[in-house]
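Hello,

Here is the structure I said I would pass on. My notes follow below it.

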Amino acid sequence: MPTSLPEMSALNKKLTQTLAETISKQVKHFNKRETECLIRLCNGLLGDQTLVSIHNSKSLLLLVYLAVFHTFDKDSDGYISVKEWIEGLSVFLRGTLDEKIKYCFAVYDLNSDGYISREEMLQMLNDSMIREPTEEDPDEGIKDLVEITFKRMDYDHDGRLSYADFERAVREENLLLEAFGSCLPDAESTLVFEEQAFKDPPGQ
Amino acid sequence: MGASLTRAAQWTTASSGTGKLEITPINESLLKEILSFVEQFSSRHPQEAKHVFKEPLQWSTTLVASDFKTDYDIRLSQEKDSEGHPLLQLSPPTIFARSFSQLSKLVQLANDKKLKEVRACLEGKDPVVKILGPNRTMNELKSTGCLLYFVFRHFHYREVRLSPAAVKNEVELLKHFCSEGEKRVLKSVRYTSDYEFSNGCRTPPWRQVHGDICYLVIEPCDTETLYITCSTAGVFLNGNAYERTSEMHKDLVTLLKSRSPHFAENINKQDFAVQEELPSTKKVQHVESVDAEEQGQPQRSYEHQEKNVHERARQQHTPNKPGGKTKLEPSPRWKSPGLMSPYEYVIIPLSGKIQKKMLRSDSKKKADFSVSSSPGRQSSQKTKTPVGVMLAEAFSESSSESEEDEEQPERRPESNTDLPSEYWQIQKLVRYLKRGNQTATVLVLCAMRDFNLVQETCQLAIRDEGGLEVLLNLLDTKEIRCKIGSLKILREISNNSQMRRAIADLCGLQSMVKSLDSLVKDLKALAAETIANVAKFRRARRTIRQYGGIMRLVKLLDIPDLATPTAEQERDVEVARCGVLALWSCSKSTRNKEAIRKAGGIPLLGRLLKLPHENMLIPVVGTLQECASERSCRIAIQTEGMIKDLVKTLSCDNQELQMHCASAIFKCAEDKQTRDLVRQYEGLQPLVLLLNKVDNKQLLAATTGAIWKCSISMENVAKFQEYNVLEILVNLLTGQPEEVLVNVVGALGECAQIPANRAIIRRCGGIQPLVNLLTRTNQALLVNVTKAVGAFFLPSFRLLWSLLKNPNVDVQSSAAWAICPCLENTKDAGEMLFYFVGGLELIVNLLKSTNKEVLASVCAVIAKIAKDEDNLAVITDHGVVPMLAKLTNTTDDRLRRHLAEAIAHCCMWGSNRASFGEAGAVAPLVRYLKSTDSSIHQATAHALLQLSKEPNNCITMHQNGVVKLLLGMMGSADEMFQEAAADCVFNIRRLALANDKASYGYPP
């Protein structure tokens, strides 16, 4: 049963522990204690803010940020449940390369049709370069870059990036994991977050 | 600070040292610069800030005691140096400061008086000398290295300098204005010297040192003749003896404008011409000079080349007018908070900056951006900043270390039409790189990686478009992925020596060293790998050490002991491997070896040595064998128990690894304990087995080296012989390169200490090739060959010597006769005799023999021994002189001859000449001349000549009628005899003359 965030605050300690027990069995990468910490954290904060705080919002494009939210919200009910929250964090903080590729592809596939199109790519990269006002077409640079990247990643030459294309490109060059905008925390942020989140709560 | 500051700042008097700074805009901005430098010094360079100056800086301050707050024990800083002097002391109105940290605090205290204080401080006497001390020794410079570097770097940009070419152009231009008629602006312009040095100067070399470029005599139309000095610092009127009598001007036109109203008025009419002509002539000049240098003199000395490079750098500098901006700004897109580099001083050195400017202006001005004709790029690659040069000299490492990274000539297509399309595509990507945010940057970096970056065209394209600066700048951001992407490219292109140098020139190593602190393993590994590539030349290795790179690299090696590593731990191993690769490159510098050891690198390498991966072991053992040339490292290697692992690794099947192992053992086996350990761990047999790989000369050299050093221990020699090493070694005496031969002969020399081995070497036919090697010129080889040959020779010599003790007189005499040629033919005979304790006493005592043959042979031996001064001193002490003198009455011609010879040689020590006279040896010797044997005559003449250097002996000789005898014999055919006889008569005659003069007061 999905439990929405406002209701969470009402849960008492006992319930948290039971919930942690259940969720830690379903979600990879976190043990029971860590799960408990994350639930507590979820109780203490509004979900969205937590995301932002992990994420160093400065580097996060709004577009991608929304996509991240949707990716977390697996059942698309507009809320991120405690379980979704913890599942998301497990990829975020400790995901394997496979999990991260899946996650990133889901983020970049803006219309969730299973492919990243040229247009989606251009949309995501639109503001990534300063326009050269002297040039005839100020967008030429960015269009050129999209074209170069697209050609590089579209292995089956079908004019769109499938998951297979994306996965292969990332495996060949890990830097392409977050090719169209940062959507994962960096190592340092992860470390800082884990340190804070998993420290023993006061009074225990 | 010194050099550039002195040049740039405008002093009121000509000399530096003490003086007042003029109040000019340049000085004002300089002072502000210095002030902010000092203010920030202690926070930026806490280590350097603590460095205590050689002498305190002192100046008259406007501060009073009340300005100092509580943490100063009024007027006295509580911090003290090692000798207890306070680091800051105020005795109004003078203040003393002894470190940068104190200076920093001081200017902070001074508030609005800051500038005044800095000015007063600089006007004090020789601030730089006080900071560093008058005699900057290597060690002092080392400890202040960083500081100096920053100080100099800081002020380097400020230089406003004239170059010979600029002056020449201006003079040419002025000469145009000397034409007759209406347009005449000047009467005449001429140099005082028509001779132009190759560097463009026309002043004597000792003045060039002061920066003087040329002296001019200019006759303006309206005022008196001007005598002008053009120096690198500017242009001024000179008085007698080179001194400055006017203010400094930036160029000739300005000076003339200020002196000649006529010139000032008319030059403005010609201004158009000036503007028009100046740049163009400059440019032509430029290209010509570069061409001449590139092609004309291929064999210039390095120094000369450097110098010219500077000149060129400056020439480019002048037309561009230094903006003083030293910071390469990241793209504005990056300026969002948190993304900016935490290091605010991303300094791009002069050369890079100029290069970029040149490029930009070139490409803007000319549509056809001709690559080959732009001198800027060609020269800037070789450009070292003067700071670099200065430090390079000051820090020159051990002399054995050569600059192995030869500079490759740059290959460039003739014109841009020949450039492949990749060149332009990459240049386009670099431009995107400058404009993109982090996401776009990563995509561009990935796109660049798709090009074949090993290809020189691609590398040049990156560099020419200023891509190196951008790539290195990325390393100073916080964006991990950008850093990784950038390093992936840098790692590829740093395989080219030109790129390596360019990276070092742009301070790239500093950024890479910082990246080693990252939490991201991939980043650390890449940074280390790139460092490994760049550190192929000395300057780079030094930079790495100075910026704490060695310490950080060593830290990468600290991985836990792993039996079955997880995937994550595998990555740790990979990071460690890259770290070792970098250390391997770095360990080629002597000081770095020591730094590796001090950072605790040796035990960590020892742990990695136990890992099974070959790609790890090669750099590990490679580093160890480099380090092993330092004694301290050898001890560490031995005490860490690594000999066992090295021995074990010898038996692997990778020849490169075996070579490094053998080489490490070669170096470590200098120490006895190591030699024993190699034997205990059964490393001798694998070494002998490696001798079979005769085709791999490097491996063979290392192996034979290890065998040589191991065979210094006799136990090892015995063991080696079980594997028939001598036979193999003798076979290697022919047809091998010298680095192998040195070691083979060394090993044979050690083995030959054992009689049985000498027999084996002889039997295998080793003597002849050994003797043949005596004709080689390689010093190391000769030393070993002499030693090996000596091993055969010395024992027989020793035997002969012992035979002198035999009671049989025939044995005694024949042994003595046999010893003579030995002594004669051995280079270090004198030294060799030292090994025979009591031998010299023995031979002197044999002079008591009654047997004529023994006496003659012993005299012959003594004549040979006495050629060595040390030995002569010893036998003199044993009383050889009176004993020889006693024998002089003999009538035996054979004895007489050798006796005379012995006396002649024994005269060479102390007061032996007089002693022979006192012992009555002179008179009998004179009688020898009456003998009929001419060989006696010669020996006797030599003896008499030596003895005649003592006045009393001359008297005796004269009394015995020696002059008449000698004169009678001077007709002899023997020239040696003639000469000796004549000299002897001369000595006697001179004494007589002196005597006459003394007795009668005038010559007879």
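How many salt bridges are there between chain A and chain B? The count is five, where a salt bridge is a side-chain nitrogen of Lys or Arg within 4 Å of a carboxyl oxygen of Asp or Glu. One of them joins Arg152(A) to Asp450(B), with 2.7 Å between the closest N and O atoms.

This is a predicted model, in which local features need pLDDT of at least 70 and side-chain atom pairs count only at pLDDT 80 or more, while totals for chains, interfaces and linings use all residues. Residues are numbered from 1 along each chain as its sequence is written, chains are lettered from A and ligands numbered from 1 in the order in which they are written, and side-chain values use heavy atoms, leaving out hydrogens and water.

On the interface: 30 residues of chain A are in contact (heavy atoms within 4.5 Å) with 27 residues of chain B. The two chains bury about 2400 Å² between them, which is accessible area (1.4 Å probe) lost on being put together, summed over both. Carbon and sulfur atoms account for 61% of that buried area.

On chain A by itself: its secondary structure comes to eleven helices and two strands, taken as DSSP runs (helices H or I, at least four residues; strands E, at least two) numbered from the N terminus. From that end the order of elements is α-α-α-α-α-α-α-β-α-α-β-α-α. Of the 204 residues in chain A, 46% are buried, meaning under 20% relative accessible area with a 1.4 Å probe, protein chains only.

Regards

Terms used:
Buried < 20%, exposed > 50% of the residue type's maximum accessible area, 1.4 Å probe, protein only.
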